Amino acid sequence: MGRLLAVAIWVITIASVLMFFNKRWWFPEAITDHGPSVDRQFLITIIVCGIAFAAAQIGLGWVVWKYRDSADKTRATYSHGNNRLEVVWTIVTAIVFISLGVMGQRVWAALHLNPAPAGATQIEVTAQQFAWNIRYAGGDKTFGRTDVQYIDDATNPVGVVDTDAGGKDDISTPTLVIPANRPVELILKSKDVTHNFWVPQLRFKQDLVPGMAIRVHFTANKVGKYEMACAELCGMNHFKMKTFMLVLPPADFDALVQMAPAQFQDKKNELLNSYQLPQY
């Protein structure tokens with residue numbers, strides 16, 4: 001029985017490692033400038049953890065095999081751990097994980113801590129149970145003022161003040177449309193509970209917290225249509241917060257945001273239907 005258990009441990013270990021080599025459940029293609037850096041950091045981390053995992057499981061199988069129940073009834077001897085060995089593997093583990101953290105901080109800081117490049121396209125993303133409200137500044141590139149007194153979920157979901165000239169050409173829609181190969185800055189807000197912005201191809205996730213305007217910036221480099229979801233369980237109808245992100249050639253994006261709100265919606269729907277979701 002002991003040998004069978006040891007072999008089972010080794011077989012499960014080998015099968016688990018092979019899952020990562022065939023890449024059947026790997027990430028979808030990255031479409032941002034920072035995406036390859038994130039993927040490289042993830043790969044290094046998974047290799048380091050994979051080596052530690054495989055070594056631990058091989059050792060576990062060996063112990064089970066060697067000290068299995070057998071005709072030899074010699075009693076086991078228990079002793080305290082080896083202090084020198086404990087110190088060595090604690091230091092080695094600390095060095096490995098601190099090194100991984102240092103290697104990844106540059107990508108993290110570039111995405112979350114550094115300001116957006118000058119001239120980045122600003123788009124406001126406001127989440128609510130259970131919908132996305134994406135606001136574009138329109139031709140004047142200026143967002144109108146908002147006030148909760150003006151919120152109407154059917155006609156004015158983010159509460160744009162109707163007397164503010166800056167908001168006359170603001171456009172709200174459930175679809176995120178961005179230009180390719182240009183920096184984009186998202187201003188993330190929430191009207192009620194904590195939500196989470198997630199497009200897997202962008203290689204980042206970010207919470208949207210009530211009372212906060214959280215800014216993230218990135219540059220998408222591939223035109224297409226991608227699924228966008230809330231990755232935070234935000235209520236009973238959380239599953240309804242599924243929409244799309246559309247990455248357009250810069251000229252198409254510029255022409256779209258110059259349109260009047262009614263034309264914008266029609267053209268946006270036309271463009272959305274002209275692209276297919278990527279196949280996995």
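The model is predicted, and its chain holds five helices and ten strands. With a radius of gyration of 26 Å, well over the 19 Å that the globule rule gives for 280 residues, the chain is more spread out than a compact globule.

**Overall form**

- The secondary structure to keep in mind while browsing is five helices together with ten strands.

**The largest pocket**

- The space inside the largest pocket comes to about 440 Å³.
- Its lining is made of 18 residues, and those closest to the pocket centre are Val 38, Phe 42, Trp 108, Arg 203 and Phe 204.
- Three elements each give the lining at least two residues: helix H2 (35-66), helix H3 (83-112) and strand S7 (204-208).
- Helix H3 provides the largest share of that lining, with six residues.
- By residue class, the lining of the largest pocket has ten nonpolar, five polar and three charged members.

- Val 7, Val 11 and Trp 65 together make a nonpolar surface patch of about 240 Å².

Definitions and conventions. Residues numbered from 1 in each chain as written. Predicted model: local features only at pLDDT ≥ 70, side-chain atom pairs only at ≥ 80, totals over all residues. Heavy atoms only, no water. 1 Å grid on protein atoms, 1.4 Å probe; cavity = no way out; pocket = protein on both sides within 12 Å on 5 of 7 lines; lining within 4 Å. Points joined across faces, edges and corners; volume = space filled by probe spheres on them. Helix = DSSP H or I, 4+ residues; strand = E, 2+ residues; numbered from the N terminus. Nonpolar A, V, L, I, M, F, W, Y, C, P; charged D, E, K, R; others polar. Patch = residues over 30% accessible without salt bridge, like charges linked within 9 Å, V, L, I, M, F, W, Y side chains within 5 Å. Areas by Shrake-Rupley, 256 points an atom, 1.4 Å probe, with all protein chains shown as cover. Salt bridge = Lys/Arg side-chain N within 4 Å of Asp/Glu carboxyl O. Rg over C-alpha atoms; globule rule 2.2 N^0.38 Å.
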